[in-house]
Amino acid sequence: MRTLKSKLKLSGNGLMSNMPCEFEICPSKEKGIRFHVKNSIICAKTENVVSTDHCIVLANPKADTRIMLVEHFMAACAISRIDALDIYVNGEGFETPIFDGSAKVWVNEFDKTGYEGEVEPTEHLAETVVFKAGKSSIVLIPSEKTTITYAVNFNHPELRYRWVTLNENIDEIIEARTFGYLKDLETFQKMGFSKGVTYENTVGLTDNGYTTELRSEFEPVKHKILDIIGDFYLTGYNPLELNADFLVKEAGHGYHVAAAKILEKTLN
């Protein structure tokens, strides 16, 4: 079990609501990642996912409380090998601060704070896991080490039939920002979403390019890898410690969670 050495406070606005939120992240002696919202506890588990439409939303249905857009935070925990935390959520917005749209701030702050405890042993995948829905598929194949290959086919000249594989340079995954089509932004904002989008925290896809300079080649695809790391960590099993080859084609949060639930049954 691994946690932080000391408390960490971070605050910022949410990507969806643009409302302020503060996270007081506390070391824990109990395994698991738990969000404390309005005196209730929301455990970071697949069974508590109530929406995947625009982001991962977790809820405690008994207390009618929610926390939105947890995937980047969960990915940072997986990358940092943290599996024991209590997060006290304060502020107007019950949403994870977006910061720069990636997991970079979280990972950097975790590193500064330091860690206590040992990393859990690697989990060995014993059998292939397959999820298919229409043109989308997620396959996990037992391997000697973890790799994640993600294929997309977006309506964008650089992102048609494009695939990227997570290799030794995980920094490019950590710093990959969230993205979306610029033409859809106004519509989403009228629906109450994406109110916190800025040029700094989101890569906008235009007809022929991007609204900002990319941090690395094919950054949006690398962000999809970041998302699936965070989504799969809701199983309680770190996807980076599974000894599995992930082969993912044209998926999203909903399919990530559906495949993660199949994995849970395989490992339990």
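View 1. The structure, a predicted model, holds 10 aromatic pairs, where rings of Phe, Tyr and Trp (its six-membered ring) pair if their centres lie within 6.5 Å, and planes under 30 degrees apart count as stacked, over 60 as edge-to-face and the rest as tilted. The rings of Phe-23 and Trp-106 have centres 5.7 Å apart and planes at 45°, so this pair is tilted. Distant parts of the chain are linked by this pair, since Phe-23 belongs to strand β3 (residues 20-27) and Trp-106 to helix α2 (residues 104-113), 83 residues apart; helices (H or I, at least four residues) and strands (E, at least two) are DSSP runs, numbered from the N terminus. Both Phe-23 and Trp-106 are buried, a term that means under 20% relative accessible area, with exposed meaning over 50% and partly exposed in between (1.4 Å probe, protein chains only). For Phe-99 and Trp-106, the ring centres are 5.0 Å apart and the planes stand at 65°, so the pair is edge-to-face. Ring pairs join Phe-23, Phe-35, Phe-73, Phe-99, Trp-106 and Phe-110 into a cluster.

Residues are numbered from 1 along each chain as its sequence is written, and side-chain values use heavy atoms, with hydrogens and water left out. Because this is a predicted model, local features need pLDDT of at least 70 and side-chain atom pairs count only at pLDDT 80 or more, whereas totals for chains, interfaces and linings use all residues.

View 2. Leaving aside neighbours within four places in sequence, Trp-106 is in contact with Leu-10, Phe-23, Ile-25, His-72, Phe-73, Ala-76, Thr-96, Pro-97 and Phe-99, contact meaning heavy atoms within 4.5 Å. Phe-218, 112 residues from Trp-106 along the chain, has its C-alpha atom 22 Å from that of Trp-106.

**View 3. Packing of helix α1 against helix α5.** Helix α1 (residues 71-79) and helix α5 (residues 219-232) pack at an angle of about 80°, with their axes 7 Å apart; axes are lines fitted to C-alpha atoms, for helices over the stretch in contact, and angles run from 0 to 180 degrees between N-to-C directions. This angle makes α1 roughly perpendicular to α5, given that 65 to 115 degrees counts as roughly perpendicular, under 35 as roughly parallel, over 145 as roughly antiparallel and the rest as oblique. From α1, the residues Glu-71, His-72, Met-74, Ala-75, Ala-78 and Ile-79 meet His-223, Leu-226, Asp-227, Ile-229, Gly-230 and Asp-231 of α5. The residues of this contact divide into six nonpolar, three polar and three charged, where Ala, Val, Leu, Ile, Met, Phe, Trp, Tyr, Cys and Pro count as nonpolar, Asp, Glu, Lys and Arg as charged, and the others, Gly among them, as polar.

View 4. Helix α1 is mostly covered, nine of its nine residues being buried. Apart from neighbours within four places in sequence, Ile-79 is in contact with Val-107, Ile-170, Ile-174, Leu-226 and Leu-240. After α1 comes Arg-81, whose phi is positive, near 60°.

**View 5. His-253 in helix α6.** With a relative accessible area of 12%, His-253 is buried. Leaving aside neighbours within four places in sequence, His-253 is in contact with Thr-52, His-54, Cys-55, Ile-56, Glu-71, Asp-227 and Asp-231. Leu-4 is 249 residues from His-253 in sequence and 27 Å from His-253 in space, C-alpha to C-alpha.

**View 6. Charged side chains over tyrosine rings.** Arg-2 lies over the face of Tyr-115, at 3.9 Å from the ring centre, and the charged end of Lys-183 sits over the ring of Tyr-181, 5.0 Å from its centre. A charge sits over a ring if NZ of Lys or CZ of Arg is within 6 Å of the ring centre and within 35 degrees of the ring normal.

**View 7. Positive phi at Lys-38 and Glu-250.** Lys-38, although not a glycine, has a positive phi of about 50°, and Glu-250, also not a glycine, has a positive phi of about 50°. Lys-38 is found in the loop between β4 (32-37) and β5 (40-43) and is exposed, with a relative accessible area of 58%. Glu-250 lies in the loop between β17 (244-249) and α6 (253-267) and is buried, with a relative accessible area of 18%.
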